[in-house]
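Let's take a walk through this fold together. Have the sequence and the 3D view ready.

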Amino acid sequence: MEFEIQKLLEDALERIRAVATESDLASLKTSLIGKKGRLTEYFTKLRELPAEERPAAGAILNRAKTEIEKALDEREKQLSEEKVSQSVRERAVDITLPGSMRRVGRLHPITQVTNEIIEIFLGLGFDVVGGPEIETDFFNFEALNIHADHPARDEQDSFYLGGTLLLRTHTSPVQIKVMRARGRPPVQIIALGRTFRRDAIDASHSPVFHQVEGLMVDSAITMGHLKAVLEHFAREMFGERTRMRFRPDFFPFTEPSAEVAISCVICGGQGCAVCKRTGWLEILGAGMVHPRVLENGGFDPRECTGFAFGMGIERIAMLKYSIDDIRLFYENDVRFLRQF
């Protein structure tokens with residue numbers, strides 16, 4: 001038996017050194033020292049030997065098993081290191097080649113301007129609120145004193161979804177919902193979000209655009225408060241030298257109403273092609289909240305007054321960055337977006 005075991009050991013060590021893959025090594029290990037391996041069979045035959053010969057034969061078998069296990073472990077380590085080295089060689093990077101910079105993403109210009117608007121009004125103590133994009137005819141029109149014959153209620157002007165539901169045409173419905181939710185003054189909020197109108201797409205119109213609505217209601221709010229808030233906003237957004245102009249206008253939900261313009265950001269108010277030689281650029285509509293709107297919001301117009309304003313965020317962004325086509329915001333052309 002000793003001669004057979006020695007020959008088995010020499011053969012096993014030679015085969016272990018010749019193994020080329022980890023899977024082949026695992027198969028060889030099973031065939032040598034597995035439950036039905038060749039060396040394991042000799043351990044089974046020990047019981048067939050005379051009792052006095054078993055200790056010596058067992059010692060020989062244990063030494064052979066130890067050498068085989070050691071050889072298997074060493075070869076397994078070698079194959080693993082060779083595999084890692086091969087992987088490194090395959091994925092090697094030539095460090096002499098010039099590197100390539102990863103482009104860092106950035107916020108969309110609409111998002112940037114929205115964040116600026118929020119920051120400005122938060123600094124004035126306004127709360128930021130939101131509202132649903134699908135509205136009822138009541139909140140979108142009737143509660144805001146927009147009568148049944150108003151053009152905005154026509155299906156050619158608004159996106160109706162069936163019945164009294166439509167995509168909101170402005171963020172003004174949030175006014176009514178906030179007043180009803182709070183129950184009493186003071187209210188000082190801005191509402192931002194997407195709005196929808198059946199406008200043909202061109203350089204200055206889009207069927208989907210973003211709007212910010214402002215509302216302040218308390219016991220003695222005046223046009224003076226409105227003017228102060230909007231002038232502060234204009235200076236923060238467009239620069240300290242920005243001037244503001246109020247002109248009479250009409251909106252169903254405010255009385256009196258005003259069209260608000262700022263001095264041209266291109267020419268500084270001197271007159272240019274952008275401002276059509278007037279020196280002014282219209283940016284928003286505003287006014288004192290109509291008494292009927294206060295009533296619809298659950299407030300008593302004899303005890304409180306308020307002002308409201310609304311402006312398109314795209315309009316603000318176009319003026320701030322001198323952009324002449326609103327479509328650029330939605331085309332996702334990285335050559336345009338990368339500038340902001």
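What stands opposite Asp127 in β5? Asp127 faces Ile189 there. Strands here are DSSP runs of E with at least two residues, helices are runs of H or I with at least four, and both are numbered from the N terminus. Keep in mind that this is a predicted model, where local features need pLDDT of at least 70, side-chain atom pairs count only at pLDDT 80 or more, and totals for chains, interfaces and linings use all residues. Residues are numbered from 1 along each chain as its sequence is written, and side-chain values use heavy atoms, with hydrogens and water left out.

β1 and β5 run parallel, joined by 3 bridges; two strands pair if DSSP finds at least two bridges between them. Both belong to an open sheet of 7 strands with mixed pairing, in the order β1-β5-β6-β10-β9-β8-β7. β1 (127-129) and β7 (244-251) each have a single partner strand, so one side of each is left without a neighbour in the sheet.

Finally, look at Ser206, in the loop between β5 (187-196) and β6 (208-218). Ser206 counts as buried because its relative accessibility is 10%.

Methods. Buried < 20%, exposed > 50% of the residue type's maximum accessible area, 1.4 Å probe, protein only.
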